[in-house]
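Dear colleague,

I am handing over the structure below, and after it I describe what was found. Please keep it open beside this message as you read.

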Amino acid sequence: MRIRKSSVLAFFLVLCFICYSFWAFSRAKEETEKGLREIPPIEDEISLLNSKIKQLEDEARGNVKILSSIKEKLDVLINVEKTNNGDDAVLSEIQSQLKSPFEKILAPKSDNGQCAATVPYRGSGSTYHVDKFYEEWDFVDRDGGVWKQGWEIKSTDAEWMDTKLQIILMPHSHNDPGWVKTLDTYYTGQTRTILKVIVDALSKNPLRKFIWAETVFLNMWFDDPSVSQDYKSRFTTLLKSGQIEIVTGGWVMTEEAPSHYFAMSDQLIEGHQWLKKHFDYHPKNGYNCDTFGASPTTAYLNHLAGIDHMLIQRTHYVVKKHFAEQNILEFNWRQSFDNTGSDETFTHMMPFYSYDVPHTCGPDPSVCCQFDFRRLRKVSPPVTCPWRKEPVEITKTNVAERARVLLDQYRKKSKLYAKGTKENTRVVLTLLGDDFRYDSDAEAEAQFTNYEKLFEFISNTPTLNAEAKFGTLKDYFALVDKARPIAENPSISGDFFSYADRTTNYWTGFFNSRPFLKWFDRRLEHLMQASDTMLSIGLISGKIASNVADEIYKKIRAGRREVDLFQHHDAITGTEKDFVHRDYADHLLSGYKNLKEAYSKTLSAISEENVVAYYLEEDLSERGKLPVAKTVEIGEGCAYLDVFNSLLHKTEDLVRVKVNSNQISARYMDGSKPLAQLNPWWDVVKNDHFEGRISDSNSFELLLMVNVDGLSTRRVKLCPSSSQEVPLAKISLGGSADGSNIESKFSTSRVSGDPQLVSPNVKVILNGKNGLLKEISIDGRLHSTQLQFAKYGCRGRGNSQDNSGSYLFAPDKLSVPVFGQQDQGGYRIISGPVIDEVQVGAERIMHRLSVVKCGVSSGAVLIDTFVDVRGETNYEMVMQVRSDVQNHRTLFTDLNGLTITKKVYYDKLTIQGNVYPIVSSAYIQDNQKRLTILTQQSSGVTSQRDGEIEIWLDRTLAQDDSRGMGQPVKDNSITKGSFKLLLESTSPSTSADSIYLSPYANRLSEYTHSPFLASILTGSVTKDSSFTGLKASAPLPHDAKLVNLRPTKVNGSPNISVALILRRYGSDCSLSQILPLEDSSWPISLDVFSNAKASETSLTLLDTRKENVKEVDLEPMKIKVFHFNA
């Protein structure tokens, strides 16, 4: 019967193709003849003929695509006939995937806004584009004299006679919540004292000012019973009076390269809500003095949070020099998707090497160091100036000379910024502080009293025509706007990666330092989003009592703050000492435990049954170890699985479950069956070592293709069965693989030639020698996509500034293969109705590559790679995909999962300077196809060779790179990297510089970040308690993205309410539509989520922008926040 169905379907598809081809050819012929009969004047003849020829070519290409698609569908049917083990449901499911190829390939773009217009590459209309500068500059490190990376700046008294200089000196103390000490050690040993010292020092003189950035430390200080209420009250008074300004106000100063915008925004919300509750305070100025590069994502999130201006420091020294030459160190930072300037943030870029005193008062650090009065001999412990010119105390006898020396530096620095246009004025910002400064009363008094003497002399000497005072960013930006309206400053779009502080020392190593915690962090982000969303659904629906909700909320908040802490720029970067790294791991483990408990309690409560939900992982009790799957016991009774889709759209996706029996049935609660398959269980890692064998005969991997509505759960019943109801996979062995350890229940065979993995939407050809990916077929054509593993070595040895270390990547040469297409190796191919996958083992590598046969991932190649570089020295492992894409070494990579940036490989930047962060996606493309890699964890990526994407997996370094950490990186763990590889056809309308993913890639990316969560229920399950968080069943726009449905006690309220954070994707619809997506038009009614009264707010909920909002409309790429009143 199945053969007859397949034959009928095949005949129907071929007949459709023949009919369509005849119609298309006839129509084209008639149109061409008509065009020739009505031939225009001779000057238009060539143009007309070319147009007709192009039309015929386009239609011919379409016909080829259709025929190729039909061929692939038939191949799938043949494959299914071989593997479905007698289950008619399998064929039915596959046939449902084989909807007419005409619909997928030839369907016109919908007129309901399926792909709304987006701002193209360099279409923002900004005055300057950063990548254009990269084309033009030579990036040669020239010695500039005292300002090593600049030039000699000259200044004379005469030029200041008619131009007034206004000077703001900003005292600060940069407090890392972990780096060379742990968070707690820093707090108890320094930060607690620093905050007291600041309060005492500022209380002595109302003209003294100070800025503070890290809210996590304020939380610790205000919760500390050893700090008196008097100090806390005085701090609050100083904050209200403006003597203290809290800048940015996030939980931490988040790193801008590896962090996802979900976590970046969450830590900003957490910090701002804390400040609102304790001080009724709203930060208005951003401060990123120590992040390793600068991303426009930060500027956009700051803008959404109501932050009007920001300061950045660590950008490439060549960028600083050229911006200073053009007086554009202050600019309106514009987003690539914003062509009106409505989302700009005014940005001040510091011009010199660092944020310490020697590198902030002016171009000559040997002079500026003399005005860091922490270095006076009477202040202990002693700190000296490297230039051997020590500061002296300011007295009546030396104040005039000292003030003129300092003023000369201020004047020279001010000339790097644009002059005032409303007033004949220059304004200059200088900093007074460094890491963990002001940890003693002696230091504070030395700094403040000496500068008070200098400022009194400068401000009261008319011939100097200058005014100097202590100030904050608020004070500085007010003077800037008064002298030159912010709108008059140029706009700049682009990012400032990758960062180099000197010569060819690029900070691109940290993109992949300590990758295990980068991977673990992303899992916690997903668990936090799912816990947030489920609790919010319970609150909105009224299914969770307020006392239970409050208990769950506290656990989520505890977990959230650990994830937020890890976004700190010396945590997620992996640039901290070993024991600090272990401390961060313990914080994340604690966060994982709290979030897992919160999720389980919420699911149990919302089910309204006497059940307990358990996450499908054993408890993680040891840092640096991969999670272990929990075995679902199928005994005499049934087990129940709840699968949660924490995103908006109805989706079918893969769920992997470890079970103890192969005699099993799987059904939804209505009796229908999900597509299922049983694999042998593969413990990739056992006892902290790779396990290449399938050795546990009592464990199986149940693969379920589960279909779940948006913001909903679906319950699956797993019961014992007397028959083989779920088909067993078939195993094929290739290379040197030995099947002696595979349980006899599974049939085995040997591979011959280059084996294939096949789904309805993608066909993969493997290398018969080793099982590595060799080719991918789309549109009936094979495309080279050769996957292999390679390594980099390290340049130099010893404690040198030019070595690879936790921050720097300094390779000795291009990468060399360690397991490539020419190598021999053993592998297994597991095939069944749900999935085909290959399992490959090599030295230091375990690798699984899969294609699924239906669902959201059926158009992609799934890759899980486990690496173990322990025992190696100066070894950096990368995964390469070498393709036939002719990208000319041009790479497109994402910025924090929010936007895409174009990066051209320039030899002038060196190997290390052409490595960029990848947080969620990167691609290369030509005029025929695009190759995209989606990642579940952040890393580094490059395109060193034409057609190649290279992504980092792990690195171990034997030396320090002299950037402050003071040790090598050798505390590696077995690390997992998860990716999805996607090959799409472009069309003639596809821009070579397209900076948007396709609609399908966007959907696939969000489910890569937030996959289904499955939980096992124990207790008395008596009914189907699946739930949905959406009030209406109508489809939502395909480009609507739920960032979070976040429970919050907004602005200090005792009641829990819900914030909806919604985003609209920007999409490129000119790429092939691999899977059709449900769609509807914007706007979206907020009644879909809640019937409660809603208001539109700022990102951090501190500002209400619109009351009584009924619906939401969004431009592509933008984010809005809505607060449902409790």
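Four strands make up an open sheet of mixed pairing, in the order β15-β17-β22-β19. Its edge strands, each of which pairs on one side only, are β15 (631-632) and β19 (675-680). Helices and strands here are DSSP runs, helices being H or I with at least four residues and strands E with at least two, numbered from the N terminus, and two strands pair if DSSP finds at least two bridges between them.

Before going further, please note that this is a predicted model, in which local features need pLDDT of at least 70 and side-chain atom pairs count only at pLDDT 80 or more, while totals for chains, interfaces and linings use all residues. Residues are numbered from 1 along each chain as its sequence is written, and side-chain values use heavy atoms, with hydrogens and water left out.

Within the sheet, β15 pairs with strand β17 (residues 651-659) in the parallel sense, over two bridges, and the bridge partner of Thr 631 in β17 is Lys 658.

Buried means under 20% relative accessible area, exposed means over 50%, and partly exposed lies in between, with a 1.4 Å probe and protein chains only. In a regular strand the side chains alternate between the two faces of the sheet. β14 pairs with strand β44 (residues 1013-1019) in the antiparallel sense over five bridges, and in β44 the bridge partner of Val 611 is Gly 1019.

Turning to the cysteines, a search of the whole structure finds four disulfides, where a disulfide is a pair of cysteine sulfur atoms within 2.5 Å. With bonded cysteines counted along the chain, the disulfides of the protein chain follow the pattern 1-8, 2-3, 4-5, 6-7.

Cys 361 is joined to Cys 368 with an S to S distance of 2.0 Å, and this link is left-handed, with -90 degrees about the S-S bond. Cys 361 is buried at a relative accessible area of 3%, and Cys 368 is likewise buried, at 0%.

Cys 369 and Cys 385 form another disulfide, with their sulfur atoms 2.0 Å apart, and the link of Cys 369 and Cys 385 is left-handed, with -100 degrees about the S-S bond. Both Cys 369 and Cys 385 lie in the loop between α12 (365-368) and α13 (399-414), 16 residues apart. Cys 369 counts as buried at 0% relative accessibility, and Cys 385 is buried with a relative accessible area of 3%.

The sulfur atoms of Cys 638 and Cys 719 are also 2.0 Å apart in a disulfide, but the link of Cys 638 and Cys 719 is right-handed, with 110 degrees about the S-S bond. Cys 638 lies in the loop between β15 and β16 (639-645) and Cys 719 in strand β23 (residues 712-720), so the pair ties together parts that are 81 residues apart in sequence. Cys 638 counts as partly exposed, at 37% relative accessibility, while Cys 719 counts as buried, at 11%.

Two further cysteines are buried: Cys 289 has a relative accessible area of 0%, and Cys 794 has a relative accessibility of 7%.
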